[in-house]
Every structure is written in C-alpha cells, then in structure tokens.
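Colleague: I have a structure to look at and would like to learn how to read its contacts. Can we take it feature by feature?

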Amino acid sequence: MDLFGNLGKIFNASLIYATFRASTPIIFAALCAAITQQANILNIGTEGIMLVGAFTAVAVSYTTGSWILGVLAAMMGGACIAMIMAVGHIKYNSEICAIGMGINLFAIAITKFLMNVIFHTNGTFSDPGIIAIPRVHIPFLDNIPVLDTLLNNWCFTEWFVIIFIIVLQYIFYKTVWGLRLRAVGQFPMAAQAAGINVNAMKYQAMLISGLIGGLAGAHLSLGYSTQFVENMTNSRGFMGVAAMYFGGANPVLTAVGCLLFGFADSVGARLQAYGFPAQFVLLMPYLVTVLVLAVSMAIKLNAAKKRESSLIVHGTR
Amino acid sequence: MNEYVIEMKNIVKTFGEVQAVKHGEFTLRRGEIHSLIGENGAGKSTMMKLLYGMYPINSGSIVINGENITKLDPKIAISHGVGMVHQEFMLVSDLTVLENVILGFEPKKGIGIDYEKAKRDAQQYIDQYNMEIQLDKKVSQISVGEAQRVEIIKTLMRGVEIIILDEPTAVLTPQETRKLFEILGNLKAEGKSLVFISHKLNEVMEISDRITVMRQGEYMGTVDKDKTTPLDLTKRMIGREVFLNIDKTYSKIGSTILEVKDAWIPSPKETSKIRGISLHVNEGEIVGVAGIDGNGQSELVEAITGLRRVEKGNILLNGKDITNMSPRKIRDTGLAHIPEDRNTRGLNRGISIENNLIAVQIDESSFNKGIVLDTVAQDKYAAQLVKDFDIRPTDYKTLTSSLSGGNAQKVVVAREVSMKKKLLIASQPTRGVDIGAIEAIRNTLEKAKKDGAGVLLISAELEEIISLSDRIIVMHEGKITGELPAGEANENNLGLLMMGGMTDTSEAGKGAVTL
Amino acid sequence: MKQSVKGLVKILFTLVLSLAIGAVFILAIGESPLVAYGALLKGAFGTKLGLGTTLAGFTPLMVTAIAFAVAAQAGAFNVGVEGEVILGGITAAYIGVNWGFLPAPLLYLACFLGAMLVAAAWALIPAVLKAYYQVSEVCVTILMNTVALYIASYLVSGPMSAGTANPQSDPVLVTLPAIMKPSSANAGIFIAIIAVIVVIFMLYKTRWGYKIRTVGTNPEHAQYVGINAKKTFIYAMLLSGMLGGLAGCIEVLGVHGYYLDGFAKDLGTNGMLAALIVKSNMITTPFMAFFLAVLKSGAMAMQQSTGVPKAIVDTISAVFIIVATMEFVIQIKGRHNKKQKAAVITGHPMPEQEKPETSKKEE
C-alpha cells in the first residue's frame with residue numbers, strides 16, 4: 001500500500017473535526033491548569049482531578065440516568081480533589097509538584113478501587129445505562145457536504161469549550177477578579193498591599209480549576225467516549241499542563257497548543273491504518289512541546305539580557 | 001476631637017527570634033509631615049508596616065482617628081484612611097500603570113472593569129498634583145521616579161488622608177527628589193498627613209514638621225524640627241561613638257592588587273547599570289565605596305567576583321586578567337568575598353557552621369583523604385575558627401539557620417578572612433548585626449589590612465566608611481562621582497557626592513556617557 | 001539528631017493516618033481492616049513465593065527511588081526516571097540480544113553500561129534545558145516519559161520484535177540468576193543494594209556529594225563559594241538517569257529475560273512516591289521503597305483471601321504521600337511553645353533587616 005498515494009484520505013475535511021474532537025479534552029484540562037497558573041500555582045494535579053471527574057460522571061450518569069447530574073457531580077468531585085491540593089499547598093506548605101503527583105496517584109487508585117467495589121469490574125466499565133452528553137444535531141446542515149462533516153453532530157461540551165475559552169479570556173483580562181488573580185500570581189506582596197486577600201484568591205482559583213478539571217473528565221467519559229477505563233486520562237492532563245505552558249496561561253493561545261496535540265493524535269491514528277508506525281506521530285506533539293518550551297524560554301532570557309545590558313541605551317528612563 | 005490622627009503605643013514586634021521593634025511609639029497630627037528616622041535595622045519600616053497592617057503586632061496599641069484598632073490588615077488600614085508607599089514598590093510589572101493604580105479598588109461596569117472611569121479618575125489626580133504619569137504603559141517600562149508617583153496616585157485614589165512614605169528618596173535622582181518634595185508639599189497643603197521614613201538628615205530637616213528617632217528597635221524620642229539640629233538627631237540615631245574608636249593604622253601601601261579598567265556591567269535596574277568604571281585597590285589599604293543602595297555597588301562587586309558578566313572592559317587581580325572568569329578561578333587567583341546578603345548568598349542556612357566554614361575549600365587536599373572528605377581535619381579547622389572568631393554557639397555542628405545575625409555574619413567573615421587572600425571584598429559587612437559583632441567585624445577588616453591584604457569595603461553606612469577607609473570612592477548611578485582621602489571626607493561632602501553632586505548633574509547618568 | 005527524630009515521628013504519624021484512612025475505606029465495603037492488613041502481611045512475607053515477590057518488587061523500586069532522591073538533592077524534580085528505566089531496559093535488551101560476540105562477563109558489563117549511558121543521555125536533555133534555559137524539568141520530563149515509551153514501543157513492535165503476539169524482544173543471551181524460585185527475585189537485588197550504598201556514600205562522604213547538596217539547598221550560595229551550580233545540577237541528573245537505566249537493565253536481565261513492552265509501568269512513579277514521602281532523604285528512601293514493595297506484593301494475596309480490592313493499597317500509598325508533603329506542626333505535650341515558634345518562623349520568613357527580600361521587578 002502506498003502511503004503517499006493515500007495522503008488525500010488522511011488529510012481531508014474530516015481531519016479538521018477529528019483534530020478538534022481529540023483536542024477538546026485537552027483544552028478543558030489546559031484551562032484547568034491555566035486558571036491556577038495565573039495565580040502562580042502549577043497544577044500538576046490536573047490529571048488526577050480530571051480522572052476523578054471522569055469516574056464520577058460515569059457513576060452518576062449510570063445510577064441516575066441523567067447526564068446533567070453526571071456532569072455536575074463530576075465538577076463537584078473535581079473541586080473536592082482540587083481543594084485537598086489547595087489546603088495542602090496553601091495552608092500546609094506542600095511542595096506543589098509533590099502533592100500534585102500524590103493527587104494523580106490517588107485519583108488512579110481511588111477510581112480503580114471504586115470501580116471494583118461499585119461496578120465489580122476491572123479495566124473498563126461500559127454499559128448502555130450510561131447516558132452520554134447529547135450531540136447537537138443541526139438538521140439544515142445535513143445536506144451541505146463539507147459543513148455537515150465539519151460542524152454537525154458535535155457533542156454539547158465541544159460547542160461549550162469554544163464559548164468557555166472566550167469567557168475565560170474575558171475573565172482573565174477584563175474583569176476585576178481576573179486582574180486580582182494575575183496580580184496575586186505575579187507579585188503577591190503587591191496584591192496584599194492593595195488589600196487583596198492573597199490566599200482567598202488562590203483558594204478560589206483552585207476551586208474553579210477543580211470544577212473545570214471535573215468537567216474535563218466528564219467530557220472525556222460522557223462526551224468523547226461513553227465509558228470509564230482505568231487511567232483513561234492517559235496523560236491528557238499533563239498535555240494540558242504543557243499546552244498551558246505553551247500558551248503562557250492565556251486561554252486562546254493555550255487552546256492553540258492543545259489543537260497541536262489533537263492534530264498529531266488524529267493524524268497518527270490515520271497513518272497507522274496505512275502501516276506507518278503510529279508511535280512516531282504520537283510522540284511528535286510531546287517533542288514539539290519540549291522544543292517550544294525551550295525556544296520560548298531562550299527568547300525570554302535573551303530579551304532579559306538585552307534589557308539588562310549596559311551597552312544599550314534605552315529610551316525611557 | 002483628638003489631637004492625633006495616629007497613636008501607636010508600646011509596640012512590640014518580633015520575627016521568630018529577632019526583635020524588630022522592642023518598644024515603639026509614634027503619633028501623627030493632622031496636616032503635618034512627620035519624619036521617622038533611624039539607621040538601617042532601627043525598626044522604622046517595621047513600625048509603619050505594622051500601622052498599615054502588613055503584619056500583626058505582638059503587643060501594644062494602635063489608635064487611628066481616636067478608634068482603637070484591634071484587627072488590622074492593609075484593606076482595613078485603607079478603609080481607615082491610611083495608605084503606604086513602600087520602599088520596594090508594590091507594583092506588578094507586567095500590568096499597566098492604570099491596572100496597578102486601580103488594583104483592589106476597581107470601578108465596575110457590569111461584570112467587567114470600567115477602564116474609562118478608572119482612567120478619568122486617575123487623570124484627575126494626576127492633573128491636580130501635576131505628576132507626569134503615563135497610564136497605558138506597563139510598569140516594567142517606566143522609570144523609578146515615575147513608579148513612585150504611581151504609588152502615590154495609588155494611595156490617593158483610595159481616598160486616604162494619611163500617607164506613609166518608606167524611604168522614598170533612596171532610589172531617586174536629585175531632580176526627582178525635588179519633584180517629590182513639591183508633590184509632598186502640595187499634599188500637605190491639601191490637609192493630608194504624611195509620614196516620611198528616611199535616614200537622610202538633610203532631607204528630614206528640609207521637609208518635616210516633627211521628627212521621631214528610632215534606634216535598634218527602640219523609641220528615642222520625638223522633637224519639633226525647629227527645636228533640633230542635625231547633630232542632636234545624629235546623636236540620638238547613632239549613639240555609639242564607641243565605633244569611631246577603632247585604631248586606624250596606616251600600614252605600608254604595597255603594589256596594586258585589584259584594577260578595574262573601564263568596566264561596563266549590566267543590571268536589571270537602570271540606575272544600577274555601570275557604564276564604564278575604573279578603580280584600583282592597593283595592598284595594605286582599605287578603599288571604601290560609599291553610595292546609596294542600588295547605585296551599582298552590588299553590580300560592581302558581582303562583576304569583580306565573577307558572579308555577573310562584564311560586557312566591556314577588564315578586571316585585573318594580582319596582575320592577572322580575571323574578566324568573566326568563573327567565581328572559582330577568581331577565588332583561586334586571590335579573592336575573598338564577604339557578600340552583602342548573608343542569608344541567600346553568604347551562608348547555606350540548611351547546613352552546619354562547620355560545613356559553611358569549609359565551603360570554599362571543599363576541594364582542598366587538606367580536607368580530603370583520597371575521595372572521602374576528611375571529617376577530622378574539618379572538625380579541627382572549624383573548632384579553631386569558632387574559637388578565633390568567637391562564634392556562638394561554639395558547637396560547630398549547629399545549623400547556621402539558628403544563629404543570630406551577628407554570629408551568622410561572623411561565620412562568613414571567619415571563612416573568608418582566614419584564608420588570607422590578597423584581596424578582600426567586604427560588602428555591607430555589618431548590616432543588621434548587633435553592636436558587639438559590628439566591633440569585632442570591623443577590627444577583623446582592620447587586621448586583614450594590617451596583614452597586607454587590599455580591602456574593598458562597600459557600605460551604605462557613611463560612619464563605617466569614614467572610620468575604616470584610607471581612601472573613599474563615591475558611586476552614584478553607576479558612576480564614580482568622586483574620590484578623596486579619608487582625612488578629607490565628612491558626612492557633608494560624601495553626602496553631596498552620593499547624591500550625584502559635583503559632576504554635571506543635569507545630564508549625568510543619562511545615556512551611555514563614558515567618563 | 002533531633003531533626004531526624006522529629007522526621008521519624010512524623011513519618012510514623014503519617015503512616016498510621018494513611019492506614020487508618022485505608023481502614024475506613026475497607027470498613028465502608030463491609031470488610032475487616034485487621035483481617036485485610038493481616039492477609040496483606042501474610043501475602044508479602046508468609047510464603048517463599050510471597051517473600052520472593054516482595055524482594056523482586058523492592059529491587060527496582062529501591063533504585064528508582066534513589067534515582068529520584070539524588071536528583072532531588074540537587075534541587076531537581078525528576079519525573080523522568082520512568083523514561084530512563086524504559087530506555088535503559090530497551091538498551092540492555094538490544095545489547096543482550098545482539099552482542100553475542102562478547103564473552104558472557106563482558107556482555108553483562110556491556111548491558112549495564114549501555115543501559116546506564118543511554119538513560120543518562122536521556123536525562124541530560126531536561127537537565128541542560130533547566131540549567132541553561134530555566135525550562136521546568138517537571139514538565140519536560142513528564143513529556144519525555146511518553147516519548148521514551150513510544151520509542152521503546154516502536155522498537156519492540158518493529159525492528160526488535162520477537163514476532164510474538166505481545167510486543168516483546170527476543171530473549172537476551174545473559175540473565176541474572178534467580179535467587180528464590182519460583183518468584184522472580186534475582187541477583188539484581190545485590191547489584192541494586194550495592195549501587196544504592198555507593199550513591200549514599202558518595203552523597204554524604206565525598207566532596208561531590210557535598211556540592212550536590214549545596215546546589216540543592218542554595219544554588220546562589222553554591223555559585224558564590226565557587227561551585228558551578230549548573231554543572232553540578234547536570235551531574236546529579238546524569239547520576240539519576242544512570243540509576244534509572246540500571247533499574248531498567250536489572251528488570252530486563254533479571255525478571256523477564258527479554259524486553260516486554262510496558263514492563264516499566266509505574267516503576268519510576270512508585271520510586272518517586274517512596275522518595276517524596278520521606279522528602280528525598282537518602283537514608284530513609286530505601287526503607288520506604290521496601291514498605292511500598294511490601295504493600296504491593298501483599299495486595300494480591302489480600303484481594304484473593306478477603307475480597308478487598310488490591311487498589312486499596314495504591315489508595316493508601318497515595319494518601320500517605322499527600323499527607324507526607326504537608327508541613328503541619330505535630331503537637332507534642334511539653335514542647336508546645338517551641339513548635340509554635342517554629343510555625344511563626346515559617347509563616348513570616350522575614351530577615352532581621354528591615355527590607356523585604358523580594359525584589360520589585362522579577363523578570
């Protein structure tokens with residue numbers, strides 16, 4: 001089979017949706033990390049928050065038969081986990097990476113445990129009783145060839161993520177809360193001197209981060225798929241953190257970083273069908289992120305060096 | 001109605017083991033400028049931070065506008081009309097000036113911020129006090145003087161009646177200081193009450209109505225400006241003539257040990273960049289570098305010691321070019337260095353006195369047996385130094401984090417001086433240490449000189465510079481504004497040079513001007 | 001001395017607390033915690049197979065835990081141990097399968113050296129990025145773990161594949177002898193113990209160790225006293241990488257005899273866990289690794305004999321780590337005052353000078 005002869009089948013309109021579809025769980029995760037990053041907390045626990053959300057969503061959707069309750073419960077679950085982290089980090093001085101890793105391990109273990117206990121199964125829990133997040137069917141697109149592929153039958157949360165990116169962008173850069181959050185993250189003493197309760201802001205950021213992380217999980221287990229699999233987040237939380245770095249915690253730029261992951265993911269899946277070692281495509285986004293991190297830091301350092309230089313005369317003084 | 005808008009009585013404040021304020025008293029009348037003076041570490045800033053609610057007091061009482069305040073944080077302080085302009089500006093550098101000004105008190109429109117209204121309000125104050133502020137720039141792009149005006153606008157926007165200014169002139173050029181004083185005059189005329197923290201007597205005498213003196217955390221009295229003299233204030237502030245009693249010996253001046261030739265050194269702060277500096281130190285002399293903190297002294301020291309890169313020019317140690325060499329190689333060439341910040345640089349607080357004492361000699365064969373560290377030799381060495389330098393506690397296995405400021409500094413001094421290097425750089429060697437330790441440390445420097453080392457002493461304490469140095473260099477905005485023998489130096493002529501006097505003040509320090 | 005007693009008390013307290021939380025979970029599903037924990041201990045120590053499995057699990061865990069801890073001593077948070085184990089393992093497998101021209105003793109050596117070299121080279125990347133470009137090593141190593149996983153997975157399902165249904169390599173020509181058949185415990189445990197002792201010795205008794213610890217506690221001070229902080233940081237990461245590679249090599253040569261895709265799953269993570277619980281203290285880290293190995297190996301027996309799912313064990317270890325990272329003041333009667341003071345100090349890290357240390361313009 002000639003790989004290049006099939007390029008047209010790999011890179012076509014459906015790839016765009018496939019990319020977006022693969023990106024959405026990561027975008028939610030990245031936004032979960034971005035909000036705490038604005039308060040200068042590196043949310044390594046994103047992965048764990050998301051996994052707990054995914055499990056809770058499935059469990060509640062299955063037992064109540066309502067996807068809405070499932071999603072809400074997932075958000076509550078995510079918030080609870082995030083608050084454990086928040087209390088540990090803010091009140092008891094836990095090193096954020098250490099407690100974040102602890103949270104991730106806890107999430108894997110507790111979901112596995114509960115799956116055993118509640119559903120008496122190992123590995124995967126899927127059941128017709130799990131009610132998924134509905135897809136948005138737009139009837140008049142049915143007959144328009146390209147747009148139908150591109151836009152029809154999106155999952156509800158996939159539409160929501162677009163709105164959500166914009167909303168977060170507005171909150172970060174145009175609202176009182178966002179301004180205070182950024183001040184707390186960049187120079188807490190200044191924020192304190194301006195009468196802002198720094199710890200309260202951090203708790204709020206962590207709480208909201210937990211809600212978003214829970215939603216990310218719910219989307220993964222009720223929207224992206226309709227099942228719960230052990231450790232189903234599969235590093236998506238970490239990818240989200242990396243994308244957040246890539247975008248400097250700016251929601252829009254962060255989402256762009258996530259699309260990169262989604263693109264590699266869906267291209268990889270297609271290439272694999274043609275005998276190309278999927279591993280190489282799958283590892284691309286990780287390598288690219290490492291490169292981007294390195295290059296952006298190098299540029300930053302170089303700019304700082306220029307600013308500090310005694311040889312260059314600056315206009316403002 | 002009470003005579004005072006502020007009354008602070010019997011204030012005590014400790015940080016861990018350190019008593020920052022042992023007994024503080026302070027009162028403020030409506031519409032006056034009240035200066036709070038004292039040396040570094042006297043507790044002035046701490047007193048005012050307590051008033052502003054940055055930390056809780058241990059004991060004492062704070063009364064604002066006749067109301068006894070039991071619970072205080074910056075927000076409550078502001079609501080009582082107290083604002084503070086901090087020495088280290090409390091501005092977020094990645095936010096715009098306007099965002100900084102409204103932070104914490106943002107006008108709202110719906111759920112967003114009403115930037116239009118914010119801008120109008122801020123502009124009104126800017127115009128009223130004639131302040132020159134660019135609201136749309138990022139803080140990282142404005143000058144120090146402008147940043148300070150932003151801080152003042154910030155407090156005014158919050159509707160405060162009482163403004164605390166913590167060493168506002170420390171970072172300003174003379175022109176900017178003039179501008180600031182005009183603004184302060186306007187504020188006073190408007191009926192605001194001002195607290196002016198400083199350790200510069202000429203400024204205090206110029207601007208104050210009343211003056212309160214603190215020394216080592218203790219209240220030393222309050223006087224009317226008209227009823228006091230600089231000499232009187234100095235006595236209250238320092239009150240320790242004992243230090244001037246160091247026997248200054250004039251030992252034989254030997255050959256040049258350190259030579260800095262037209263060095264250009266970078267810095268994040270514009271006023272600390274060094275654009276061409278030249279100086280030399282000879283064996284057997286102490287060269288003092290005087291200057292207000294942040295005028296390039298730290299950068300100069302870091303460049304000589306290999307901790308900061310030199311962009312142009314040369315540094316020679318013992319005749320050898322050491323420009324941009326590693327700190328290790330420079331030390332091996334003959335340098336000992338007492339750094340200005342013992343907590344982050346001078347000591348590794350997490351390890352013992354002993355380990356700190358041998359830190360720079362860890363690779364020496366005398367402290368290693370093959371590949372293994374020779375703990376016996378280390379113990380012996382540490383025991384000797386602890387005894388010689390009277391470091392307490394004498395158990396050299398104690399962690400340095402538990403030492404008092406004075407003993408911690410003695411560990412640094414012992415480590416550096418005992419190696420008998422040809423050049424000793426001592427940066428703020430007695431900052432924040434107790435009287436006994438100050439005397440011991442100064443005597444040690446004096447002895448190093450007698451033994452033939454060249455000493456470069458950097459200090460913000462004029463009295464320390466004058467009493468120890470043979471020759472004095474004054475730095476201002478990264479340049480040398482003057483050099484004179486110790487015999488000719490006094491507080492007045494040094495003070496003038498530190499303010500950038502004598503050279504062409506109108507354009508000095510702007511742009512890349514080579515001396 | 002007092003410091004270490006305090007640390008020990010805290011670990012014991014944390015241990016009891018996490019076992020108690022585990023007990024609550026067990027009670028919640030209607031089982032008896034005592035019976036469950038008893039079954040766990042019996043499973044881990046009761047039989048030769050059980051003890052052997054415990055030791056087999058302990059071997060790599062001890063090495064990865066020390067690998068994490070040694071990097072942490074220099075101030076690095078090396079999540080990348082797992083990737084280093086994987087690449088060490090695949091390198092050992094490649095050499096062990098293909099370098100049959102070497103006599104057996106040299107082949108052993110080549111496997112170990114090759115594994116350690118490749119793994120160290122892998123660790124060099126995040127080390128350099130951190131030291132010279134300040135890129136977060138946490139992020140980079142997490143990402144690189146996945147890259148390592150895919151590289152090895154490609155190799156054993158493609159060029160190095162044995163042609164079996166499972167992605168795995170051909171059997172290696174030299175293996176480490178088993179010591180407690182039928183368990184997979186093997187002579188690798190002695191290599192691991194020696195390696196750990198050597199590393200601990202180096203860290204506390206030699207000047208290289210002194211430098212690593214200095215850089216880890218205060219890099220600015222290190223630079224000032226003439227230690228090259230960047231290079232030292234990189235050396236520590238290299239050492240950490242070598243240990244990761246060693247663990248991978250022991251697993252391939254000792255446990256499996258070939259490279260099995262996914263063999264390293266959670267080896268790095270659990271090692272990190274063990275180190276984190278004791279704040280990367282080099283002496284106590286191996287003991288914590290042993291404790292975790294006991295939990296892991298006893299878990300299966302517990303599940304079989306009591307109906308308590310073995311996932312409870314992971315839950316307990318995760319709770320253990322979460323609690324262990326927190327710095328609370330343990331109130332011991334009579335020492336009440338002193339402790340409170342300590343809390344105040346950490347709450348307000350103000351130096352004796354008036355100026356706050358934080359600088360205004362941090363770039």
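Modeller: Start with the polar contact, a pair of N or O atoms within 3.5 Å. Within protein, one atom must be able to donate a hydrogen and the other to accept it. Keep in mind that this is a predicted model.

Colleague: How many residues of chain B are in contact with chain A, and what area is buried between them?

Modeller: On chain B, 47 residues are in contact with 30 residues of chain A. The two chains bury about 3,100 Å² between them. Carbon and sulfur atoms carry 61% of that area.

Colleague: Now chain A and chain C. What do they bury between them?

Modeller: About 4,000 Å², with 80% of it on carbon and sulfur atoms. Three residues of chain A stand out: Phe113(A), Gln279(A) and Tyr286(A). They supply 15% of the area that chain A buries against chain C, more than any other three residues. The contact takes 45 residues from chain A and 47 residues from chain C.

Colleague: Which polar features cross the interface of chain A and chain C?

Modeller: Four residue pairs are in polar contact there, both residues at pLDDT 80 or more. The salt bridge count between chain A and chain C is one. The side chains of Asp314(C) and Lys112(A) form a salt bridge at 3.9 Å, N to O. On the chain A side, helix H4 (67–91), helix H5 (96–119), helix H11 (236–246) and helix H13 (278–308) of chain A each give two or more residues. By class, that side has 32 nonpolar, 10 polar and three charged residues.

Colleague: How do I read a salt bridge inside one helix?

Modeller: Check the spacing along the chain. Arg236(B) and Asp232(B) meet through their side chains at 3.6 Å, N to O. Both lie in helix H8 (residues 230–237) of chain B, four residues apart, about one turn of the helix. Over all chains, a search of the whole structure finds 41 salt bridges.

Colleague: And aromatic pairs?

Modeller: Read two things, the distance between ring centres and the angle between planes. The structure holds 25 such pairs over all chains. Tyr62(A) and Phe119(A) are edge-to-face, 5.5 Å centre to centre, with 80° between the planes. Tyr62(A) sits in helix H3 (residues 46–64) of chain A and Phe119(A) in helix H5 of chain A, so the pair links distant parts of the chain, 57 residues apart.

Colleague: Last, where are the domains of chain B?

Modeller: The domain assignment gives domain 1 (4–238) and domain 2 (267–347 + 419–514). Their C-alpha centres lie 31 Å apart.

Definitions and conventions: Residues numbered from 1 in each chain as written. Chains lettered and ligands numbered in written order. Predicted model: local features only at pLDDT ≥ 70, side-chain atom pairs only at ≥ 80, totals over all residues. Heavy atoms only, no water. Domains from an automatic or database assignment. Contact = heavy atoms within 4.5 Å. Buried area = accessible area lost by both parts, 1.4 Å probe. Salt bridge = Lys/Arg side-chain N within 4 Å of Asp/Glu carboxyl O. Polar contact = N/O pair within 3.5 Å; in protein donor to acceptor, adjacent residues only side chain to side chain. Nonpolar A, V, L, I, M, F, W, Y, C, P; charged D, E, K, R; others polar. Phe/Tyr/Trp six-rings, centres within 6.5 Å; stacked < 30°, edge-to-face > 60°.
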